[in-house]
Structure formats: C-alpha cells, structure tokens
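The sequence and structure come first.

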Amino acid sequence: TSERVRNLNLKGIYFRKEPKRFYPKRELASQVLGYVGMDDEGLGGIELGFNDDLMGIPGRELISVDARRKYFGRVERQPEPGQNVVLTIDSTIQYIAEKELAQGIADTKAIAGTVVVQNPRTGEILALANFPTFNPNVFNQVPKEALKDRAVSDVYEPGSVFKTVTYSSAI
C-alpha cells in the first residue's frame with residue numbers, strides 16, 4: 001500500500017522511516033519481556049512495567065518552510081535516552097525451561113503451563129517460562145491468552161504449591 005501511495009507522487013505527502021522494536025530471540029521469554037505497540041509504548045511484561053523508565057524523553061525539532069518551499073529545521077531539544085533494565089533471566093536456562101515445558105504440554109495434552117526456575121541462594125529468577133507462547137514481533141496476530149504471563153499473574157493455592165516442600169522434607 002505504501003509503495004502505491006509513494007508512486008502517486010502526491011504533493012504534501014511525505015514518507016519518513018521510523019524505528020521499530022525488534023525482538024531477535026522471538027518467543028524466548030516473550031511474556032516476561034512483553035511487547036510494544038506502534039508508538040513504542042509498552043503493552044505487556046517488562047516493557048509495560050518499566051515503560052516510563054525505558055521511554056526516555058523525546059526530542060523536539062521545529063521544521064519550517066520558506067517562500068520558495070524549501071524546508072529547513074532546527075533542533076530545539078535533543079532526545080534523552082531511556083534507562084536500561086537488567087534481568088536475572090539466563091537465556092540458556094530459559095530456553096531449556098521453555099523446551100521442556102512445551103514437551104510436558106505435548107505429553108499431557110494440557111492447554112497451558114508455567115515453569116519458574118529460581119536460584120535458591122539469592123532468589124534470582126533464572127527462567128520464567130509460559131505456554132502458550134508468542135512472538136512479540138507479531139503480537140497482534142496471536143490469541144490474547146498467549147500474551148498472559150501466568151507465572152506472575154495467576155493465583156495459586158499455597159497448599160498446592162507447598163506440597164513439594166512437604167514431600168521433599170519427608171524424603
């Protein structure tokens with residue numbers, strides 16, 4: 001569509017390249033990282049939770065045109081980059097957790113599942129896997145239930161989760 005409009009050479013219609021967020025690891029930790037919309041606003045996961053910190057402050061540029069229709073501009077304010085967020089997720093452990101979860105889902109014919117891998121000494125989250133998963137590069141083409149981070153948003157009965165601790169102490 002954009003090529004057809006460009007080929008029309010309409011006066012007053014201009015094209016500008018804009019950056020687009022790209023997730024190179026695709027499905028890996030997709031619910032944890034989240035995704036952004038067209039305007040780079042966080043819509044899920046870390047992208048949403050830390051949106052204000054990640055966004056930074058946009059710059060401002062004034063573009064004027066003279067009597068000969070020559071465009072010129074000046075920068076009024078330089079943009080300020082956003083902050084970095086560093087996670088404790090280990091990509092190798094995350095990959096293994098997601099692969100094993102997918103196999104467990106296939107074996108049991110379950111509809112959803114989650115795995116949390118934590119360092120017991122420090123409490124760091126090393127992996128947080130969810131199924132179904134999605135590719136954040138095309139988040140608008142997946143069912144809504146795939147966008148949900150079940151590990152942090154679903155409620156679990158303490159008794160059900162704590163049974164493993166009781167069993168392990170008995171052994």
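Two residues are in contact when heavy atoms of theirs lie within 4.5 Å. By that criterion, and leaving out residues up to four places away in sequence, L128 touches V32, I89, Q94, V115, V116, D149, A151 and V152. The model is a predicted one.

**Strand β6 and L128**

L128 sits in strand β6, which covers residues 125-131. Its relative accessibility is 10%, so L128 counts as buried, the limit being under 20%. In sequence L128 is 30 residues away from E98, while their C-alpha atoms are 8.3 Å apart in space.

**Overall fold**

The protein contains 8 helices and 6 strands. Read from the N terminus, the order of elements is α-α-β-β-α-α-β-β-α-β-β-α-α-α. The radius of gyration is 23 Å, whereas the globule rule gives 16 Å for 171 residues; the protein is therefore more spread out than a compact globule. The C-alpha trace spans about 85 × 35 × 25 Å along the principal axes.

Of the 171 residues, 20% count as buried. Among contacts between residues at least 6 apart in sequence, 44% join residues at least 24 apart. The charged side chains number 22 positive and 22 negative, and the centres of these two sets are 9 Å apart.

In soluble globular proteins, nonpolar side chains tend to be buried together. Here the largest nonpolar core has 7 residues: Y23, Y35, V36, F134, F139, A146 and L147. Two elements, β1 (35-36) and α6 (144-147), each give two or more residues to this core. Apart from this core lies another, of 5 residues, including A97, L101, I105 and A129.

Y35 belongs to the 7-residue core. Neighbours within four places in sequence aside, Y35 has contacts with Y23, F134, F139 and L147, and also with E41, G42, L43, G44, E47 and P136.

**Backbone features**

Most residues other than glycine have a negative phi, and most peptide bonds are trans. The peptide bond that joins F131 and P132 is cis, with omega about 5°. P132 lies in the loop between β6 and α6.

N9 and A29 each have a positive phi without being glycine. The loop between α1 (2-7) and α2 (30-33) holds N9, and A29 is likewise placed in the loop between α1 and α2. Which of these residues is buried and which is exposed? N9 is exposed, because its relative accessible area of 65% is over the 50% limit. A29 is buried, because its relative accessible area of 9% is under the 20% limit.

The table puts the values for these two residues side by side.

| Residue | Phi | Relative accessible area | Class |
|---|---|---|---|
| N9 | near 50° | 65% | exposed |
| A29 | near 55° | 9% | buried |

How values were computed: Residues numbered from 1 in each chain as written. Predicted model: local features only at pLDDT ≥ 70, side-chain atom pairs only at ≥ 80, totals over all residues. Heavy atoms only, no water. Core = buried A, V, L, I, M, F, W, Y, C linked by side-chain atoms within 4.5 Å. Buried < 20%, exposed > 50% of the residue type's maximum accessible area, 1.4 Å probe, protein only. Helix = DSSP H or I, 4+ residues; strand = E, 2+ residues; numbered from the N terminus. Rg over C-alpha atoms; globule rule 2.2 N^0.38 Å. Lys, Arg positive; Asp, Glu negative; His and termini not counted. Charge placed at Lys NZ, Arg CZ, Asp CG, Glu CD.
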